[in-house]
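Here is a friendly note to read beside the structure. Take a look at the chains first, and then go through the points in any order you like.

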Amino acid sequence: MDSYAILKLLWAAILGILFIGLGVMVGMDMGVGTLLRFVGRNDGERRTALNIIGPHWDGNQVWFILGGGAIFAAFPTLYATSFSVFYVVMILLLFSMILRPVAFEYRSKADSRHWRASWDVAFLVSGALPMFIYGAAFGNVLEGVGYHFGWTGQYYQDESFLSYLVNPFAILCGLMSVALSVYQGGVMLMLRSEEPIHGRARRYAMRGGIAAAILFATGGVWISRLNGFRLTDADPGMPANPIQGQHVTVSAGGWLENFQAHPALWLIPLLGVACMLFGTLMVRADRPVLAWWTGVGSWIGTIGTVGTAMFPFLMPSATTPDQSLTIWNSTASAYGLACMLVVAAIFVPIILSYTSWCYYVMRGKVRTADVIHDTHSY
Amino acid sequence: MSIMRLTGLAVALVVSLLFAVFVGDQGPWYFAWVVGTVMIILIAGAGAILLDAQDEQASEREI
Amino acid sequence: MELINPGVVDLSRFQFALTALYHFMFVPLTLGLTFMLAAMETVYVVTGRQIYKDMAQFWGKLFGINFAIGVATGITMEFEFGTNWSMYSRFFGDMFGTPLAIEGLMAFFMESTFVGLMFFGWDRLSRPAHLAVTYLVALGSNLSALWILVANASMNMPEGAHFDPDTMRMQFDSVVKVIFNPDAQAKFVHTSVAGYISAAMFVMGISAFYILRGQHKAFAARSFRMAALFGIISTVAVITLGDVLGRLDYEHQPTKIAAIEGLWHTSKPPFEPWLAFALPDDAKQENHLEIGVPFVLTPLVAHSFDTPITGMTELEEQAGPRIVSGIQALSALRRYGQGHDPADLAQFRAHEADMGFGFLAMRHAPGQDVTAISAAEMDSVVRQTEPDILPNVFVTFWSFRIMVFLSLWFFAVFALSAYVSLKNRLERNRLLLKLCMWSIPLPILATEFGWITAEAGRQPWTVFNRLPTFLSASSHSVGYMIFSLAGFALLYSAFIAAELFLMFKYARLGPDHGAHGAHGSHLTVAHDRKDAFSIVSSLSS
């Protein structure tokens, strides 16, 4: 295997890690946003919940930005095609993502009840909707998307956006993603709050964990009946151009072929379900630290399962399967990938160290009484 | 301890010199930005401290 | 080959301009205010006077209100290349995506993580540590601007990438060339410093408001003076860098500079006047009502007294052969894509430099297919394509002038303010204070027009001389575009209403509001001075 193919594989792995990081960190904040009105019965409690993620949501949201940036730099063709194909959904996602920073900053800066109630609704929408769309996008990609390329590389859309919105399998995936985020958000609230928020968060986290496990298992059965795609011939070191150079076949249950070829891979979905169930038990036992890390395992299992099933596809085309986007044909150039790898190798350790320092500085429980009297708090 | 600090300072000095030489050569405007921004901050700060001094002088004269 | 509906291209451009201009209403303030906060806090850490901490905290609060929308609307920008400029992103993304991703990794992460600490860490960090955090936020936000402008410069002056016929896109080949692109350098400093001006005017204007009302005297006088000094140096820098940018455009984007100066015909040095006023008519290719200053244009643009500057009519004529060559390049490229014949590749290589002009001719080719142009049609296609190389002259001409006139106004206001403030005579110059107050939005306006000059002047290209704008967009339906535009308009209007509401509320409340009173009396100063010495000595020991 040549070095370009290895670079492509490495970046596919990084993409997977970014998706997991996004699920865990952004999902956690989104979960808190979704639960805001349910765990906080009055304004003080809601502000407490917000301030638990207050110092960190901004840093966490960068996972989302970074995900977008990494797809742009490392998989420009995927970025260009997927964001356009899912236009209406992406725009909805954008609307809710840009509502969040403003909601955080503005909600508690004015005293009016209507003002704060409106921003609370903004938190609910901008917490649940992006996670739903995040999951639903995976569902849609698994089912195959309708597009083809012209000779200049311009993509053409072959399906209406409605087929992506009203798609039962995608809705299932979306709900699962919301369930995982509610779990993670609930656990985060448990970690840093006291009664009564703590107890309420615990109840919701348990429900989230169980719902995720059920939806994940249902999705697994469903996927065995979906059309799967299979690359019959392609050179992993090929020039990154989806217009020519590969052949793809489509068959029902095709997404399970990778698992059938290497049965050890079944451990990945197993890890997912096991973590969701074990995590729920840990929440029940009031062990939030363990439950938080188990939540990370759930995301690893989920994203890992999707990635394993689809490998080496990134976004198959249902209408022109031969032009499907794969790890081999939609990456950046070897130079670009290597360059980004060096940059990531330098900056990721730096980022991890200062992020953990920030958590260290801001450690400790957030108390409602403190929040109300602190002029700097959200 | 002081040797440690001295070596630290020496390393910082060498790094900033290398930075100045490389960036000053490749990207003169980037270098100008770094130097200029520091200068603007220092001048603005000095202006404020000058105001403190002016105020103190004025209040002394009143007394 | 079917082209994208021109209506959709226009709507995509409109949406991008709307979201970019909106985003850029908030960014300049972030770029500058962070460094001003750092300057105030530096004085606090050095002198230990409480009033400077109050200043950093109060202006920090206003910064926070502004910062949130800057971040939020920035998210739109990063995703919009994919959602609306699909062909552009595929064609140029290999190189263009890299600075954007580095921006996320290097700058945005830093800025976003530390901004939390900056707001929440006052009681949890030592003074020098908090100061370091503030500097990191400032550095982060400006590094963020750096990478965005590196990316933007590569659209205006593509360097560090070449076209590859096997992948049908520009392939990234030199990160050093991309980062040290002269256009990127000058643009970054120009934009960052324009941000300093916006922040200086903001702080100065609000301080002037307090002085006019006789409130928070010590606080306002210090803020005013720091802002005035900040502003006057920045204005000098912004004008210098503007000249550097004009010089670069003169060398690399002659169409932009000719449009900026409304120069339809090659200039006659040294008399050629610089047009202070004119109404360029794009259809007739001439100016109405010209008012110019003689002898200024040539030294201003070319930095010499005898170099003629090529006019737009002549630039059109010069483009003719490039269009013919570009059509040949594109035809060869298409044949190569079907048969991989080395002869086609050789022909493509011979005309490669003009490929973009071949794309430009697509619109006028029969069936939008350049390979179908017959020898007899060639001449008419070239004639029809020639005027397409020019940007909209009226827009470029006037946005440039508004920016320049405003910068001269800032120079006057800051120079006067700095002088009066240093003389401690602010309270007697009520007119100046009022002017400062009313000038708050002007730097933002100037930066907006700066963006319009740079990007409208880049047209008809997204990647200069490589990829035309009309090919770059995503092939959406008009309905999609109306949906997203309506959403953006609605959401963004709500944002600006909320932002202004809070800005006015907190600016009116003033620094006394909340737990941290800003008395600025000598009592607090004396009280804090002992601490200051211990800080300074702990820093130096």
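1. **What you are looking at.** This is a predicted model, in which local features need pLDDT of at least 70 and side-chain atom pairs count only at pLDDT 80 or more, while totals for chains, interfaces and linings use all residues. Residues are numbered from 1 along each chain as its sequence is written, and chains are lettered from A and ligands numbered from 1 in the order in which they are written.

2. **Chain A at a glance.** Chain A holds 14 helices and 6 strands; helices (H or I, at least four residues) and strands (E, at least two) are DSSP runs, numbered from the N terminus. Its C-alpha trace spans about 65 × 40 × 35 Å along the principal axes. The radius of gyration is 21 Å, which agrees with the value near 21 Å for a compact globule of 378 residues. That radius is taken over C-alpha atoms, and the globule rule is 2.2 Å times the number of residues to the power 0.38.

3. **Burial and contacts in chain A.** Of the 378 residues in chain A, 57% count as buried. A residue is buried if 20 or more other C-beta atoms lie within 10 Å of its own, exposed if 12 or fewer, and partly exposed in between, with C-beta atoms placed from the backbone. Among the contacts of chain A with a separation of 6 or more, 80% join residues 24 or more positions apart. Two residues are in contact if their C-beta atoms, placed from the backbone, lie within 7 Å.

4. **Chain B.** Please compare chain B with the globule rule: 63 residues would give a radius of gyration near 11 Å, but chain B has 19 Å. Chain B has 2 helices and 0 strands, and its C-alpha atoms fill a box of roughly 55 × 40 × 10 Å, taken along the principal axes. Of its 63 residues, 17% count as buried.

5. **Which chains touch?** Chains A and B share no contact, and their closest C-alpha atoms lie 17 Å apart.

6. **Where A meets C.** Chain C brings 69 residues to this contact and chain A brings 65 residues. On the chain C side, α3(C) gives the most, with 26 residues. That side divides into 35 nonpolar, 24 polar and 10 charged residues. Here Ala, Val, Leu, Ile, Met, Phe, Trp, Tyr, Cys and Pro count as nonpolar, Asp, Glu, Lys and Arg as charged, and the others, Gly among them, as polar.

7. **Where B meets C.** This contact takes 18 residues from chain B and 23 residues from chain C. Helix α2 (residues 28-62) of chain B gives the most to the chain B side, with 16 residues. By class, the chain B side has 11 nonpolar, 7 polar and no charged residues.

8. **A helix pair across B and C.** α2(B) and α6(C) pack at an angle of about 20°, with their axes 9 Å apart. That makes α2(B) roughly parallel to α6(C). Axes are lines fitted to C-alpha atoms, for helices over the stretch in contact, and angles run from 0 to 180 degrees between N-to-C directions. Angles under 35 degrees count as roughly parallel, over 145 as roughly antiparallel, 65 to 115 as roughly perpendicular and the rest as oblique. Among the residues that meet are Trp29(B) and Trp33(B) in α2(B), and Phe188(C) and Tyr196(C) in α6(C).

9. **A pair inside chain C.** Helix α1 (residues 6-47) and helix α6 (residues 182-213) of chain C have axes that come within 7 Å and cross at roughly 75°. α1(C) is thus roughly perpendicular to α6(C). Their contact has 14 nonpolar, 4 polar and no charged residues.

10. **A pair inside chain A.** The axes of helix α8 (residues 168-192) and helix α12 (residues 288-310) of chain A come within 9 Å and cross at roughly 160°. The two helices, α8(A) and α12(A), are therefore roughly antiparallel to each other. Their contact divides into 11 nonpolar, 3 polar and no charged residues.

11. Is Ala201(A) buried or exposed? Ala201(A) counts as buried because 30 C-beta neighbours lie inside 10 Å. Ala201(A) sits in helix α9 (residues 197-223) of chain A, and its contacts beyond four places in sequence include Leu35(A), Val39(A) and Gly186(A). Ala201(A) and Pro239(A) are 38 residues apart in sequence and 50 Å apart in space, C-alpha to C-alpha.
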